[in-house]
Amino acid sequence: MDHRDDLDHRILSALRALGADPRVGGAARALSRAGEHGALWVAAGLAGAAVDGARRDAWLRGTALTVGAHVVSMGVKRVVRRPRPAHVEPLVRAVGRHSFPSSHATSAAAAAVAYGTLGAYAVPPLAAAMCLSRLVVGVHYPSDVAAGAALGALTARLGARWMTRGAHD
């Protein structure tokens with residue numbers, strides 16, 4: 001194990017220990033369930049499209065970017081095939097066996113950038129909490145979450161011009 005792996009293990013162990021508090025563990029489990037397959041972020045994007053008719057297309061494009069980022073993340077997982085952490089007891093059952101990158105973090109960061117651009121300022125802190133929850137429940141290493149968040153943010157940033165094309169402020 002090299003220094004980076006050791007650091008990943010130690011940070012994960014420390015954050016997973018926070019989940020022993022029933023309030024913290026319960027909140028992390030709830031966030032993890034809500035973020036499965038990007039469901040929370042898709043729902044948020046569709047809600048934005050429903051209530052903000054003037055920018056409906058931008059909300060739908062932001063939702064498409066969020067879903068697209070999630071799909072790319074799942075593809076990267078199949079190539080990298082990093083196993084999930086085995087040194088901590090997870091608080092949730094993970095859908096897949098592979099850890100890198102975190103698809104929850106990917107879709108959360110994509111939503112934070114895309115919907116934040118549209119003025120949904122509550123999304124970035126919720127997305128950060130989603131990312132942190134994956135460590136508290138013990139199913140990802142910090143580097144998985146960081147890579148997923150970077151992938152999601154980059155995807156949304158690259159699609160920002162397409163997303164807001166024709167949107168009225």
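User: Which residue forms a salt bridge with Arg55?

Analyst: The model is predicted: local features need pLDDT of at least 70, side-chain atom pairs count only at pLDDT 80 or more, and totals for chains, interfaces and linings use all residues. Residues are numbered from 1 along each chain as its sequence is written, and side-chain values use heavy atoms, with hydrogens and water left out. A salt bridge is a side-chain nitrogen of Lys or Arg within 4 Å of a carboxyl oxygen of Asp or Glu. For Arg55, the closest N and O atoms are 2.7 Å apart, and the partner is Asp52.

User: Is Arg55 buried or exposed?

Analyst: Buried means under 20% relative accessible area, exposed over 50%, and partly exposed in between (1.4 Å probe, protein chains only). Asp52 has 18% and is buried. Arg55 has a relative accessible area of 14%, so Arg55 is buried.

User: Which parts does the pair of Asp144 and Arg82 tie together?

Analyst: The closest N and O atoms of this salt bridge are 2.7 Å apart. Helices (H or I, at least four residues) are DSSP runs, numbered from the N terminus. Because Asp144 lies in helix H7 and Arg82 in the loop between H4 and H5, the pair ties together parts 62 residues apart in sequence: H7 and the H4–H5 loop.

User: What is the relative accessibility of Asp144?

Analyst: Asp144 is linked with Asp8 and Arg82 in a network of salt bridges. Arg82 is buried, with a relative accessible area of 17%. Asp144 also counts as buried, and its relative accessibility is 0%.

User: How many residues apart are Arg10 and Asp6 in helix H1?

Analyst: The side chains of Arg10 and Asp6 meet in a salt bridge of 3.3 Å, N to O. Arg10 is partly exposed at 46%, and Asp6 is partly exposed at 30%. About one helical turn separates them in H1 (residues 3–18), because their spacing in residues is four.

User: At what angle do the axes of H4 and H7 cross?

Analyst: Axes are lines fitted to C-alpha atoms, for helices over the stretch in contact, and angles run from 0 to 180 degrees between N-to-C directions. H4 (residues 56–80) and H7 (residues 142–158) have axes that come within 9 Å. The crossing angle is roughly 140°.

User: Which residue is joined to Phe100 by a cis peptide bond?

Analyst: Omega of this bond is about -10°.

Definitions and conventions: Helix = DSSP H or I, 4+ residues; strand = E, 2+ residues; numbered from the N terminus.
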